[in-house]
Amino acid sequence: MDAEEIYKEMADAIVNLDQEKALNLANQALKEEMNLLKVIEKGFGEGIRKVGDLWDDGEFFLPELMSGAQIMQKAVDVLTPQLQSSGSERQSSGKVLLATIEGDIHSIGKTIVATMLRANGFQVIDLGTDVKAEKIVDVAINENVDIIGVSTLLTTTMLNQKKVIEILEQKNLRNNFKVIFGGAPVTQGWVDECHADGYAENAVESVKLAKSLM
Amino acid sequence: MSFTQWLGNVSKIILFDGAMGTQLMNYNLEPGKLPDFLNIEGPEIVKKVLASYYESGADMVQTCTFSANLVNLERQHLSEYLQKINIEALRNIKDIQPPRGKLIVGDIGPSGEFRPPVGEASGDQWKNGFQQQVEVLEVGVDLWHIETMSDLQEMSAAIHAIKEVSLKPIIASMTYRKTKTRGFFTIMGDSLETCVNTLEEENVDVIGTNCTLGSDQMIELTKELVQLTDKPVSVKPNAGQPRLEGGITVYDQSPDEFVNDIEQMIDLGVKIVGGCCGTTPTHIQKMRMLIDNR
């Protein structure tokens, strides 16, 4: 079987949510000393992009989206030690800090976004829920992230999303980061009002948005 | 008149209430604060909202207990308040003395925890969480409304929890979004048809839908829903989509537009009408007029 065929099998394993097959193929790639970066990009990565398309089309739902992303992650985990020891690392799509804002303990949307971003090659720091705007900014500076993603489900806590941008402006650091919002009540109008860099309707859209900002 | 008699009366359209959560925000509900906790900390506010719906002509109003199930309260580190929140919620709705013949509905909302692979909740955990809430509310409610469920398995867990403790009627409302090409599904992937089939097997009294969709899209869903079942149907759409303006949540759709849509749903054969997020006593008043003038 040539490499292209194996890549296709890898992508199919992700789309079919077949973890055993995906992990077998990852191990086969190690054994046959394939180009692991290509394996991730053209094989499993292609699979997770297709999972995103299937979500867009209404063929896949939350369980399939999460399974696909988790299998992708496990396959990448199989390849990572070899990638690191060979000195070639998967090219990071970017570094993203995620948090649900102060006053809000809803985590599910943010967790799904984190899983999808990781599956798509982003480094993700997830600060969890009910996180103060000040802390989000501090970690963003210390970790030198590219994108800050702030989530909220409640219209009442939505106001705190704006605080993140205000603090960055006060510190004259607004241009150092892209700031994106997520959560059911967020609209383009709110993004404009806060001078944020964008928002996404769902986890699949968030990956597209993050990529467009890099 | 009991709820079952209402259901049996072919000419009766039952008027449900409007939103609780978005109404409480008008009273400066602290951001992130659990609305259900106001049953203890701000009972007067809860009573005002409940009373406003009875006064607007609702036939039945639900308790302020959307989030007061064990799984949800545990997540918010409030599990020790389960009894108290639900007891006070009952006290609050009894205190306002619903007009004679009007009913009290026990409100059961989702746990907020998903099953694998999305989250870690199990069916038993859900069922136990709901059952503890139901055991408290059972003494004071006339019927149940399980609402805003996006997972049919969680819905079944809630139905089983109620049936273990109560013989009272159940309205079972799932929440759907519209997919690009395949019609209405829950975010967990249950199609409208699958939901209807399961809810019929579970033998609930009313098959309902609420939240996520505005009234215009809910007309579309209703057309399909009434074709799929002979059971009474309940609809509680949102008042369009929310928007934040200068720090205040605004719903652009006017109550009149909303009520026009509701009329279309009644014409399609819906038995119970009400509103979800963004709807107000004005919406209910206008629906009362609509129903009375038919």
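**Figure 1. Buried residues of helix H2 of chain A in the predicted model.** A:Ala22, A:Leu25, A:Ala26 and A:Ala29 of H2(A) are buried. These residues cover an arc of only 105° around the axis, which places them on the same side of H2(A). An α-helix has 3.6 residues a turn, so residues three or four places apart point the same way. The cover over the buried residues of H2(A) includes helix H1 (3-15), H3 and H4 of chain A. A:Glu20 and A:Lys31, on the other side of H2(A), are exposed.

**Figure 2. Length of helix H2 of chain A.** The helix takes in residues 19-31, 13 residues in total. At 1.5 Å a residue, H2 of chain A should span 18 Å.

**Figure 3. A:Glu33, in the loop between H2 and H3 of chain A.** H2(A) is followed by this residue. Phi of A:Glu33 is positive, near 50°, and the residue is not a glycine. Is A:Glu33 buried or exposed? A:Glu33 has 9 other C-beta atoms within 10 Å; a residue with 12 or fewer counts as exposed, and A:Glu33 is therefore exposed.

**Figure 4. Contact between domain 1 and domain 2 of chain A.** The domain assignment of chain A places domain 1 at 3-85 and domain 2 at 94-213. Taken over C-alpha atoms, the centres of the two domains are 27 Å apart. In the contact, 10 residues of domain 1 of chain A meet nine residues of domain 2 of chain A. On the side of domain 1 that touches domain 2, the elements giving two or more residues are helix H3 (36-56) and helix H4 (62-85) of chain A. H4(A) gives the most to this side, with six residues. By residue type, this side of domain 1 of chain A divides into six nonpolar, three polar and one charged.

**Figure 5. Contact between chain A and chain B.** Chain A gives 23 residues to the contact, and chain B gives 23 residues. Which element of chain B has the largest share of the side that touches chain A? Strand E10 (residues 242-245) of chain B does, with three residues. The side of chain B that touches chain A is made up of 11 nonpolar, eight polar and four charged residues. For the complex, the predictor gives an ipTM of 0.86 and a pTM of 0.89.

**Figure 6. The cis peptide bond from B:Pro116 to B:Pro117.** Omega of this bond is near 5°. B:Pro117 is in the loop of chain B between strand E3 (103-108) and helix H7 (123-137). Chain B has an average pLDDT of 94, and 96% of its residues score at least 70.

**Figure 7. B:Gln97, in the loop between helix H6 (82-95) and E3 of chain B.** Phi of B:Gln97 is near 50°, a positive value in a residue other than glycine. Within 10 Å, B:Gln97 has 10 other C-beta atoms. The limit for an exposed residue is 12 or fewer, so B:Gln97 is exposed.

How values were computed. Residues numbered from 1 in each chain as written. Chains lettered and ligands numbered in written order. Predicted model: local features only at pLDDT ≥ 70, side-chain atom pairs only at ≥ 80, totals over all residues. pLDDT = per-residue confidence, 0-100. Domains from an automatic or database assignment. Contact = placed C-beta atoms within 7 Å. Helix = DSSP H or I, 4+ residues; strand = E, 2+ residues; numbered from the N terminus. Nonpolar A, V, L, I, M, F, W, Y, C, P; charged D, E, K, R; others polar. Expected span 1.5 Å × (residues − 1). Buried ≥ 20, exposed ≤ 12 C-beta atoms within 10 Å, placed from the backbone. Arc of directions from axis to C-beta.
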